Structure formats: C-alpha cells, structure tokens
Amino acid sequence: MSAVAFRVFLYAGGGTLFAGTAYVTAIVFAPAPEYKPTNEERQSRFELLAPSYETSSRQQEVYLGIGRLRKRALAEHAKGACLEVGAGTGHNIGLYPAETVDRVVLCDRAVAMVSAMRQKIHLRLGYEAPEATADWVTGPTPTPLIGEGGASKEKEPPYALQVCSSESLPFPDNSFDTVVDVFGLCSYDQPTLALREMSRVCKPDGQLVLIEHGRGTWARINWYLDKWAPRHASSWGCWWNRDIRRYLRLAGIQTVSREEKHFGTTHF
C-alpha cells in the first residue's frame, strides 16, 4: 500500500469512527423527548405520509428482509376470502396467490392510504376496485374486474377496498378465512380491540396472519425504543415500543406458530 493510499484509509477510518462515536454519544446523552403525540395527531400523519410512504420505507424493508417475509407469509398462509387491515398503500398487492385466494379486502382508516391503493390497483390491473360490501365479502366468488392491460385471473385475486378503523370493522362475524395485519398494531389507538375485531370477523377454522414490530428481547434495544418512541410516533404515526406479546395475551389469541427476528423486535 502506498503512503497516499494509507493516509486516505487512515483518514477515512478515523472520520468514520469519530462520526459513529458522536452519533452514539448523542443518542445516549441527549434528553428524551418530552412531547407525546395524541392519537389524532398520529393518525393525521398517515394522511400526509401516504404519497411517499411506500418509497420511504422500501430501503429499510429490503435490508431487513421484510419483503421476503411478506411473500413467505402470504404464500404459506393466505387462503380463501382474505381481509388485510391497516393495509396502508398496499404493499402486499400482488403477493396474494390466486391459487389459494379467491378475494382480498384491503382496508385502512386513512382516506389517502386507500386512495393510493385504489390507484395502484388501477395501474396494475386496469380496473377500479369496488367498495368491500358484506355481499362482496360473503357472496359467491366475485368475477375479477380485469381492465385493458390488466393481469389475468391466474395471477391476481380480485380486490375490494374499504375505509374503516381496525377497531370497528364493518363486516359480519365469521366472514373471512384469513385476516392479515402487517405492522399495524403499532399504529392502532386500541391494539387489543383491533385484535379482537380481527378474531370476530375470522371464521372459526380460519387464521390470523400477523407480522408486527415492537419491543424486543434485548434490554438495550428496548431502552432505545422507549427513549425515542415519542419522536418516532410524531414522525411516522406508530409506537415502535409496544409489547406485541402482551396484546396477543390480552386479546386471547391462540398462537399456532411464531417466529421472532431482529433481536425480537419483529414478530411473525
């Protein structure tokens, strides 16, 4: 190694070490936010974030492997009539297997999020997704509304949309074979009530498919999550330090299978 290359390597390494040390020091010694956003303020963030929500989170999902986890969960567990609550801008559109799924209802309480899903379905499949009425959900298998240039029935199940809160789902009891929630419990005002609503609309022989994030198994990570939770909730609308295990117990959810990743902060 030449003297010049060695100096460049030395300065770059020293600069990286200094920046990393400064960042960690700031995290440790900076005072925790005193402000705690209200539920109304949190929910309003989702309306504002909708246009850029998916692109803003894409990079993080790639390096954490969340995209692969979504595909695996739906490929292995999604069957029959599916409901996805807190569906956001429709990350999972295109991941539901038409071989096992005959219809999908996507719902979210944020009007802007549902509008983004409507636009995505139109661009992808070429049709305007209908409103998810009780008849559409529980009636005969709906005929796919395939527009010009849209995907074939073999590639995609038909979609319908609904603007609603996950704590008050406008569907009859025992309506769905599969209920899906991906990173939603962190954002609901009453996560335990939302889980009970998911159970109510799920058939007795159906299943809930959950991918959530929250408190982990490492004390230092939980300390970090707790300290900066108000700031994250203000920016992204979600409480990333919620105890997912506790909510499942309170809701009386029977866990059939479970995996944890990322030091226990991702639950599947």
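**Exercise 1. Work out what share of contacts between residues at least 6 apart in the protein chain join residues at least 24 apart.**

Start with the cut-off: a contact means heavy atoms within 4.5 Å. Take the pairs at least 6 apart in sequence; of these, 73% join residues at least 24 apart.

Before going on, note that this is a predicted model, where local features need pLDDT of at least 70, side-chain atom pairs count only at pLDDT 80 or more, and totals for chains, interfaces and linings use all residues. Numbering runs from 1 along each chain as its sequence is written, and side-chain values use heavy atoms, with hydrogens and water left out.

**Exercise 2. Find the largest pocket's volume and describe its lining.**

Step one is the term: on a 1 Å grid over the protein atoms alone, a pocket is an open set of points where a 1.4 Å probe fits, with protein on both sides within 12 Å along at least five of seven lines; lining residues have an atom within 4 Å of a point.

Step two, the volume: about 980 Å³.

Step three, the lining: 40 residues, with Tyr53, Gln60, Phe183, His213 and Cys238 nearest the centre. α3 gives the most, seven residues.

Step four, sort them: 17 are nonpolar, 18 polar and five charged.

**Exercise 3. Do likewise for the second largest pocket.**

Its volume is about 620 Å³. Next, look at the 25 lining residues: Leu208, Gln254, Thr255, Val256 and Ser257 lie nearest the centre. β5 supplies the largest share, nine residues. Finally, the lining splits into 10 nonpolar, nine polar and six charged residues.

Conventions. Grid points are joined across faces, edges and corners, and a volume is the space filled by probe spheres set on the points. Helices (H or I, at least four residues) and strands (E, at least two) are DSSP runs, numbered from the N terminus. Ala, Val, Leu, Ile, Met, Phe, Trp, Tyr, Cys and Pro count as nonpolar, Asp, Glu, Lys and Arg as charged, and the others, Gly among them, as polar.
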